[in-house]
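Dear colleague,

Please find below the structure that I am handing over to you, followed by a short account of what was found in it.

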Amino acid sequence: MTETHTGTYEVVVIGGGAAGLSAALVLGRSRRRTLVVDAGEPRNAPAAHMQGYLTRDGMSPAEFLALGREEIARYGVELVQDRVVDVTSGFAVTLAGGETVRARRLVIATGLKDELPAVPGVAERFGRDVIHCPYCHGWEVRDQAFGVLATTPLSVHQALMVSQWSKDVTLFLHTVAESGLTDDDLRRLAAAGVAVVPGEVAELVVEDDRLTGVRLADGTTHPRDAVFVAPRPIPGTGLLEKLGAEMQETPFGAYPVVDETGLTTVPGVWTAGNAMGFAEQVVNAAASGYRAGATINGELLMTDLDTAP
Ligand SMILES: Cc1cc2nc3c(=O)[nH]c(=O)nc-3n(C[C@H](O)[C@H](O)[C@H](O)COP(=O)(O)OP(=O)(O)OC[C@H]3O[C@@H](n4cnc5c(N)ncnc54)[C@H](O)[C@@H]3O)c2cc1C
């Protein structure tokens with residue numbers, strides 16, 4: 001860290017993905033002394049394309065973030081590539097590099113991590129022909145032969161959803177017991193034309209750098225072009241928990257309790273993007289970061305006016 005990153009910032013933004021950069025942009029344009037600390041591991045890094053962001057549909061995630069970093073620099077926002085390892089109330093923010101900076105307000109936009117099913121082939125192909133989100137990748141693989149690797153009862157819902165993008169869908173039950181499927185599940189799966197295959201999946205078959213099938217433990221192989229998986233989300237909420245933010249359990253992990261601006265139950269601490277909720281796509285993450293940044297600017301202004309001598 002250089003000399004320019006010392007001292008007290010009005011706002012420190014932890015995490016420089018879509019959410020954090022968007023918060024930083026509005027804060028910089030509001031003339032707030034702002035520092036972004038980013039560990040440089042955005043969630044969608046495995047994907048070559050980012051879809052569904054109006055005017056940016058198909059852009060590479062790396063290019064999107066590079067443009068965002070350029071934009072915040074225009075307004076004097078500082079960015080350091082490092083990891084925040086500790087935050088104390090007040091706020092003192094300690095970086096892995098050893099330095100500590102102070103902030104009046106925090107935006108915690110640390111995203112989430114995807115814990116992938118431990119099936120050989122899944123991690124290697126994730127973001128390519130092993131995918132998790134039909135809104136991110138469904139169009140690109142439309143009408144292909146889909147497999148859905150069940151690892152949770154919610155995988156039935158995933159199989160039903162992806163049938164919107166292909167009429168050739170097979171649900172591999174893998175670790176989900178056939179007896180666990182409800183009558184409603186079976187009726188909907190049949191109505192959607194989804195084939196159901198019980199039995200453990202041993203591996204994905206890859207030939208010439210392309211997914212070609214799903215092999216079961218009994219040795220049978222089912223030709224498939226794309227496989228949907230349901231990674232277990234690990235919310236990046238450690239710093240929020242450390243600060244004492246109230247959390248709420250969801251089927252996709254525990255996320256902070258927030259108001260409509262992303263303010264957590266800790267005064268002065270906002271959150272945005274996937275650290276705030278599982279379902280935040282890039283465009284939502286950017287929007288929530290923007291909302292947090294604009295709210296902080298107004299709140300700082302009023303605080304300073306109210307305490308002016
Ligand atoms: C394979 C894949 C493909 C996807 N494709 C799409 C798509 O096409 N369209 C779409 O809308 N969404 C897509 N998504 C979802 C998308 O990744 C998220 O919506 C988006 O990344 C959320 O932005 P964020 O800013 O909240 O988090 P992130 O982009 O994950 O950014 C968080 C940042 O915080 C940093 N960080 C974490 N902890 C710390 C710390 N302690 N200190 C400092 N920095 C820290 C991380 O390193 C990271 O750089 C995809 C996801 C995956 C997994």
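Predicted model: local features only at pLDDT ≥ 70, side-chain atom pairs only at ≥ 80, totals over all residues.

Asp129 sits in the loop that runs between helix H3 (122–125) and strand E8 (130–131). When neighbours within four places in sequence are left aside, Asp129 is in contact with Arg210, Leu211, Asp225, Ala226 and Val227.

**The ligand**

The ligand is surrounded by 37 residues, of which Asp38, Glu41, Gln51, Asn274 and Glu280 are the closest. By type, this shell comprises 15 nonpolar, 15 polar and seven charged residues. Helix H1 (18–29), strand E2 (34–38), helix H4 (134–137) and helix H8 (282–306) each contribute at least two residues to the shell. Because domain 1 (8–114 + 232–306) and domain 2 (117–228) both give residues to the shell, the ligand lies between them.

A polar backbone atom of Ala39 is 3.0 Å from a ligand nitrogen atom, and one of Asn44 is 3.4 Å from a ligand oxygen atom. For Val282, a backbone N or O atom lies 2.9 Å from an oxygen atom of the ligand. Of the 980 Å² that the ligand exposes when taken alone, the protein buries 96%.

Yours sincerely,
A colleague

Conventions. Residues numbered from 1 in each chain as written. Heavy atoms only, no water. Helix = DSSP H or I, 4+ residues; strand = E, 2+ residues; numbered from the N terminus. Contact = heavy atoms within 4.5 Å. Near = heavy atom within 4 Å. Polar contact = N/O pair within 3.5 Å; in protein donor to acceptor, adjacent residues only side chain to side chain. Areas by Shrake-Rupley, 256 points an atom, 1.4 Å probe, with all protein chains shown as cover. Nonpolar A, V, L, I, M, F, W, Y, C, P; charged D, E, K, R; others polar. Domains from an automatic or database assignment.
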